[in-house]
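Here is a short note for a colleague opening this entry. Please look through the sequence and the model, then take the points in order.

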Amino acid sequence: MSAICEQVDAALAGSRPALARLLSIAERSGPELLEIEDRISARVGNALVVGVTGPPGAGKSTLINALLPHALKDFDGVGVLAVDPSSPFSDGAILGDRVRMQGGEYGSSVFIRSMASRGELGGLARAASTAMRLMDACGWSLIIIETLGIGQVELDVMNLADTTLVVLNPGWGDTIQANKAGLTEAGDVFVINKADKPGADVTRTDLLESLSLLNREPPPPVCQSTASTGDGVAELWTALRDHQDYLEQSGQLDSARAHKQQLLVRRTITHQLTHEVERLMDSDLATSMLDQSTLGQLDLRQTVDRLLRELARPRG
Amino acid sequence: MKKQDANLVIETTSGIELKAYYTPDDVPPAHRSRARQAPGEAPYHRGFHPTGYRSKPWRIFQLSGFGKPEDENERIKFLLKNGETGFIMEHDRNTADHCYNVDHPEVLARREDVGLTGAVMQSVRDMAICLDGLPVDTSFGHAGGAVVQHAPFALAGYWTVARKRGYDLSRIAGTGQSDFNLTYLGCVTKQQIPTDAGLRFNADIIEFCAEHLPRWVPVSIAGYNAADTGLTPDQELGALFANAVEYLDEIKRRQNMPLEFAAKGCGGVSFRASIHLFEEAAKMRAARLMWSDLLQSRYGLTDPKTANLRIHCVTAGSRMTYQQPLNNIVRGTVMAMAAVLGGVQSLGVSGYDEALSIPSEHAHQMSVRIQQILQEETNLCAVTDPLGGSYYVETLTATLVEKAWAFFEQIQQQGGYLASLDSGWLHAQASENQYKEFMAMESGQQNVVGVTCATEDETPFHVDGFMGTDDAFDVALERLKDIRRSRHEAGANAALKNLEAVCRSDRNIMPAMLDALESDVTLGEIGDVYREVFGDWNTPIQT
Amino acid sequence: MAKTGLDGHWRGPTIVARALRDAGFEVIMIGMANTDDIVRAAVDEDVDLVGLNVGGHIDVAIRAVNSVQEARPEVPIFAGGTVPPRSVKMLQDLGVEVYPPGSQLADIVDAAQRLTATR
Ligand SMILES: Nc1nc2c(ncn2[C@@H]2O[C@H](COP(=O)(O)OP(=O)(O)O)[C@@H](O)[C@H]2O)c(=O)[nH]1
Ligand SMILES: [Mg+2]
């Protein structure tokens, strides 16, 4: 058995260090990725996944921390994946979510993992989906993913999560329209956090108005919370549970997951293909063909067809 | 020092570009006429009093304390014997800053740290031990309570001890600081009440003192803590007055007392004196000018008793180096001179071992000696405002005033001083400056002797950090058990219940706090009430 | 990166974290943390290096060091903060690299790179 498989088995048997190690391996997204996916696939699909998104500083981490005690009444283990941006200049990152959620008081029933986005657009790290399935397979029955929600492209979390929670603050009404649109479409549940600050009611009105334009049925709930004191957090948890119940009862959970599975397959293929194309372009064949086409001995169509055929050729 | 390009741009810490020399034409026109004013006359930049240190030398006022209350008591007596002219109680920061008793899990996890930064005082009994034999009636005392949420406890403890000794509270002089910069900007605690609750505490203290302790300085805004976190001198000034405005506006809104009294209560402040000698001296002058200006323009107050700012000053701890610690005696002296040339009323000099530990007895003595030498040997006390009329210093003073008001305005645009703490805006300013300062050292642009240059060290004196006592935790835990065993439990409970009710109301917190201390309620119990009633501050930075 | 003490000086750790990020490190900040918090983060985050900001009594730092070394024996530790020379020695004896006040950021970054080079 390969070392990776041994790690996976240890993690599946409950070893935290093994899970932690595998998450790092997943982050490097090397060739072991598929091996990991293979070995866990039979165990995946039991966890409920809640995605938490919203502008930086909205209080996502603080809110997740406040949700933990409620979540632990309904789930025996909660895994948290907290994604923060990488610096585009150095590829380094400062990951600060853990400052707001140490999780220590819950002992072994909470697992928190930070992850840098490593240049991935969409607000998630590339490894996030594998990471999520790893935690799922290892028995973390509720998984909360915190992502950066900036601009409208940064909303990949909705493709991973069963329920997407959008966190906003008083004053959100003043943000530009384009940024509003993405967030309003993404959310299954909305919460106006920092309700202790002035302007929560105006924001609520703004939000309800934006949501009404989308004509969603049933309209998504809009909660209010003060994460730092815990006010409104119990109600928020109930709203999240209600959404999950609704998904299950309406049969949407399965169809949504099927859709997400499709997206996942598509993503993985794209990912692999990119690798293959890069390899191909580095090959001697590609180099010589490129030389020929530069000299005008081959036209573009001939070059592309020949290389595509090479790509499709089964390798030994 | 390397020879420098004569055309090199040299700036002060506040970013004021310096010329090679100054002439009368450099002094901003609006400021020229002020130079003719005598010290003790509005706008007071020339000093608090015409005869200055001749009639009243600055108070030698050292931060001191560690270990058990009796260890601190001994150290304070040592300092008084060595020439200190006021005294400061220092409370253990693990317990005091957080309002925890020593059996709180976060303290238990760090039990060896207990008593390292001040004496552990969990009840009025501990305060009584610490104050035993100290001249609370004749000396200017600092009750500790530098931290906003801790101040009501520390003050009530000090006053209760004084009252029990038979002193009339209306005659007692001292302070407790209760400063926001300390734990909301500088050393951010793990847990503390939100800023609005803190503002209420401070307003309560101001009102209570106006009625019962007229000689007490109820709050003392500490620019020091902002500056040592990274704010430049102009920002230190701007932030300090933005903070004062929060207090005064609140008192005005409450309408429980005349604003003059409140202004007097807020008019005892503390600054940092750092190493850029003339800029720091100019800062003290600028501060007095700004205060009288602020009171007049914003509140219409002109009475010299309130418009004349009183300044306590502490030399910059962060300037003290770990390497070649004896060099810090020189740094301490230069920084002390900056404060004295600026005309401050009281002064503490950091220990030469500051970068290694809390001050040893010898380092403490040295801090006192530096000040005594300045007072006794240098003739520095003979003339008030010796820098007055210097083209350079007057220009610096005027420029600092201008820049400081600009920063004050920026803070107002952020919604005011407390809002700029809540949002992390002030932290961001400080953080940026820290980084720049660090980079200047790193790149060799700013030399630090003994650290980035001149690193050979021939000293025969090995300085190795003072580590206090090792029984502070055990004794504190024992005393905690003892007070729980021996106090009148029903009385303590009732007092605590009452304190909680007052916290939930808008009544002044101090009478209930005095009752609680009198009834042997402990610090951690009071902290629990705070946490229950006020919740936790949303720390805007990742500490 | 963790701070072992309860006093909230945040200057040092923030500057170091920033320099490490600029050198390409992913720095997980956990703030003021007790030994259990530090160990949990070191394990769950599968870190390559632990940075401790220590101050106060050296026994508190030593306890954190011992526990991390027990849980993740292969992970190097470096420390900074207000550490008098004799405490520096004690930490060094445990295999911890120590950067007292006045250390160059460049040296700290170099150390981080060197300590993680084989990982
Ligand atoms: N006033 C207020 N501040 C909050 C609340 N929730 C979080 N914060 C503060 O907002 C800041 C950012 O919180 P954080 O959880 O790190 O936000 P994130 O970037 O969305 O994860 C921190 O200073 C929190 O203490 C709240 O309900 N009210
Ligand atoms: Mg966060």
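1. A cut-off comes before the details. A residue counts as buried under 20% relative accessible area, as exposed over 50%, and as partly exposed in between. Keep in mind that this is a predicted model.

2. Start with A:N215. Relative accessibility there is 66%, so A:N215 counts as exposed, since the cut-off for exposed is over 50%. The residue sits in the loop between α9 and β8 of chain A. A:N215 is not a glycine, yet its phi is positive, about 55°. Most residues other than glycine have a negative phi.

3. The peptide bond leading from A:E217 into A:P218 is cis. Its omega is near -10°. Most peptide bonds are trans.

4. Chain B has a cis bond to check too. It joins B:A42 and B:P43, with omega about 5°. Look for B:P43 in the loop between α1 (29–32) and α2 (52–55) of chain B.

5. C:D46 is not a glycine, and its phi is about 45°. This residue lies in the loop between α2 (35–44) and β4 (50–54) of chain C. Is C:D46 buried or exposed? With 6% relative accessibility, C:D46 counts as buried, because the cut-off for buried is under 20%.

6. Now the surface charge. Which residues form the negative patch? They are A:D196, A:D231, A:E235 and B:D196. A:D196 belongs to the loop between β7 (189–193) and α9 of chain A. Its relative accessibility is 46%, so A:D196 counts as partly exposed.

7. Next, chain A as a whole. It has 13 helices and eight strands. Its C-alpha trace spans about 70 × 50 × 45 Å along the principal axes. The chain has 316 residues, and 49% of them are buried.

8. Contacts in chain A reach along the sequence. Take those between residues at least 6 apart: 75% of them join residues at least 24 apart.

9. Last, the surface and charges of chain A. The chain carries 29 positive and 41 negative side chains. The centres of the two sets lie 3 Å apart.

Note on methods
Residues numbered from 1 in each chain as written. Chains lettered and ligands numbered in written order. Predicted model: local features only at pLDDT ≥ 70, side-chain atom pairs only at ≥ 80, totals over all residues. Heavy atoms only, no water. Helix = DSSP H or I, 4+ residues; strand = E, 2+ residues; numbered from the N terminus. Buried < 20%, exposed > 50% of the residue type's maximum accessible area, 1.4 Å probe, protein only. Patch = residues over 30% accessible without salt bridge, like charges linked within 9 Å, V, L, I, M, F, W, Y side chains within 5 Å. Areas by Shrake-Rupley, 256 points an atom, 1.4 Å probe, with all protein chains shown as cover. Salt bridge = Lys/Arg side-chain N within 4 Å of Asp/Glu carboxyl O. Lys, Arg positive; Asp, Glu negative; His and termini not counted. Charge placed at Lys NZ, Arg CZ, Asp CG, Glu CD. Contact = heavy atoms within 4.5 Å.
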